[in-house]
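Biologist: I'm new to this one, could you walk me through it?
Modeller: Gladly, let me bring it up.
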Amino acid sequence: MRALTWQGKHDVRVETVPDPRIVNPRDAIIQVTATAICGSDLHLYDAVIPGVQPGDILGHEFMGRVVETGPGSTLKKGQRVVVPFTISCGACFFCAQGQFSACDNSNPVETQEASELLYGHAMSGLFGYSHLTGGYPGGQAEYVRVPFSDVGPIVIPDGIPDEQVLFLSDILPTGWMAAENAQIHPDDSVAVWGCGPVGLFAIQSALLMGAGQVIGIDHHPNRLRLARDLGARTIDYRHSHVLEALMEMTGGIGPDAVIDAVGMESHGFSPDNLLDAAKQKIGIGADRAHVLRMALTAVRKGGRVSVPGVYGGFADKFPLGALMQKGLQVRTGQTHVQKYTSELLQRIMEGQIDTTFLISHRLSLEEAAEGYRNFQENQNEWTKVVLTPG
Amino acid sequence: MSRQRELALIAGAAGLSLAAAMLLRRRAEDLRRSDDAPGRTARRLDFGGYRVDGRTVTISASRADIYAQWRDPARLNRIFGGTLGLRQHPGDRFVWTIDATPAPIEVETRLVEDRPGELLAWRSVDEAEIDVEIKLQLRDAPAARGTEAEAHVAWRPRWGLAGHYAAWMQGTDPGRLCRQALKRLKMLVETGEIATADNERRDG
């Protein structure tokens with residue numbers, strides 16, 4: 001089959017690789033009909049996430065048609081499914097509590113040790129990501145082997161176009177969980193850093209959950225326009241002092257909740273970010289945590305901090321004082337996708353949520369490398385890339 | 001500086017270092033006596049000439065179920081994942097095989113304790129290549145979470161510290177093999193399969 005493989009920093013290629021086969025009883029093989037490039041794929045593209053190896057097949061946002069099933073799968077050949085990027089067994093202590101991204105049993109034994117060393121515990125397996133999370137071949141390919149297919153994939157009724165449901169695989173539930181983690185009360189003020197796909201879905205979700213005002217922060221005019229179209233107010237950090245603006249826009253109180261939808265690759269020329277960027281460049285500190293620092297400083301006393309943005313390593317100059325002195329609550333984590341897919345599919349089918357507005361480019365799988373390059377270099381215009389194999 | 005004075009300084013520094021080391025060791029021993037942490041987590045590498053390692057894993061299953069898995073040779077070989085093998089000889093003799101480089105290591109053991117649902121323990125026979133003791137203990141987990149399965153291994157590495165690090169570098173040190181076996185056991189019991197990122201079966 002054809003698949004997009006990681007070869008090194010800023011070097012991804014579509015290559016011919018062996019087709020996947022059923023390996024375990026609960027597996028299914030999916031023929032991919034649509035797949036997307038995620039902002040967190042850019043962390044791999046930029047080689048700032050540890051544990052990626054040449055030849056790894058990328059991609060964790062995908063859907064397709066079931067073409068083969070193991071004896072333990074509950075799927076049927078021919079069904080259309082969206083596959084969560086988190087691989088979860090459904091049986092362990094964590095899955096039983098709905099904490100699917102903390103699954104104990106999906107990260108292979110051989111790759112758990114490094115994750116335990118870095119994080120203290122091994123997290124769940126993820127498609128198309130680091131070997132810290134299993135090194136599972138991803139979905140930017142013609143076919144994917146889906147483990148625990150009786151737990152993860154959600155069956156999509158015929159008649160709903162792929163593009164309306166594809167983002168159930170990651171960014172829509174990630175934006176939803178980000179808003180949920182912000183514990184939004186009616187009429188709250190919520191600030192969202194990053195108007196990329198996750199940030200935009202977090203804005204949409206926060207408004208659906210009853211926020212009074214949502215303020216999107218970015219520097220790309222097109223992305224800020226998309227945020228405004230959803231009903232958010234905006235701050236362009238190139239033109240305005242973010243902390244001052246947020247205080248003024250919230251009556252001097254500060255946002256009740258803040259959402260960091262940027263993660264480990266903050267932009268900007270602030271001194272802390274320049275230092276982080278230098279350290280990231282030479283590999284002695286993986287995360288550029290400028291946005292998280294700013295979010296902790298901006299949020300009101302006793303406020304809530306939600307972090308859907310991906311962090312992989314370590315950060316210093318961390319405002320622990322603000323966290324403690326202001327009595328903040330922080331919630332974060334890889335998304336427990338399986339917990340949200342049914343409800344969000346229902347909301348899509350009822351017309352409450354539209355996911356197609358952020359798709360800017362549609363390419364074939366063979367053009368994936370071009371998609372990565374543009375998604376990384378021209379973030380203003382390239383807001384979301386959907387790839388179609390075959 | 002005279003030669004005599006140099007020697008006196010060196011002797012003084014050595015004496016101070018020795019005293020500091022003894023103090024630190026005594027302090028560590030005092031600390032050991034005052035806490036409830038499992039013995040193998042002590043801040044030392046040497047336990048009377050043995051290395052000691054282990055891991056506890058909570059498995060959502062009864063002690064009887066887990067014990068039964070461990071006594072099933074076919075299941076055991078899946079749990080050991082190819083790096084470790086176990087075969088039973090007549091009587092209570094068991095031979096463990098570690099797939100090490102440059103040649104596999106075989107260790108003959110006797111099953112010295114077998115309390116169904118509670119404890120299995122093996123001890124290497126006198127003429128074995130490695131002096132080792134392996135224990136699997138099972139106890140009920142709190143909050144109805146199933147069973148706490150604890151693997152515990154004490155061994156004298158061949159060639160001492162160098163042998164220990166050689167095994168560690170190869171990924172064949174008994175502590176690591178124990179941890180991995182327990183995790184595979186948990187996967188098999190809780191999900192019916194052992195997770196792998198391979199897109200093809202390796203066992204054909």
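Biologist: Which residues of chain A does UniProt list for "domain: Alcohol dehydrogenase-like C-terminal"?
Modeller: The unreviewed UniProt entry lists residues 197-264 of chain A, though such annotations may be inferred rather than shown by experiment, and their positions are given here in the numbering of this model with shortened feature names. This is a predicted model, where local features need pLDDT of at least 70, side-chain atom pairs count only at pLDDT 80 or more, and totals for chains, interfaces and linings use all residues. Residues are numbered from 1 along each chain as its sequence is written, chains are lettered from A and ligands numbered from 1 in the order in which they are written, and side-chain values use heavy atoms, leaving out hydrogens and water.
Biologist: How much helix and strand is there over 197-264 of chain A?
Modeller: That stretch of chain A is 44% helix and 21% strand, with its end C-alpha atoms 16 Å apart; helices (H or I, at least four residues) and strands (E, at least two) are DSSP runs, numbered from the N terminus.
Biologist: Switching to chain B, in what order do the seven strands of the open sheet come?
Modeller: The order is E1-E7-E6-E5-E4-E3-E2 in chain B, with antiparallel pairing, where two strands pair if DSSP finds at least two bridges between them.
Biologist: And which strands stand at the edges?
Modeller: Strands E1 (51-59) and E2 (84-88) of chain B do, and each has a single partner strand, so one side of each is left without a neighbour in the sheet.
Biologist: How many bridges join E4 and E5 of chain B?
Modeller: E4 (residues 105-115) and E5 (residues 119-124) of chain B pair in the antiparallel sense over six bridges, and Leu111(B) has Trp122(B) in E5(B) as its bridge partner.
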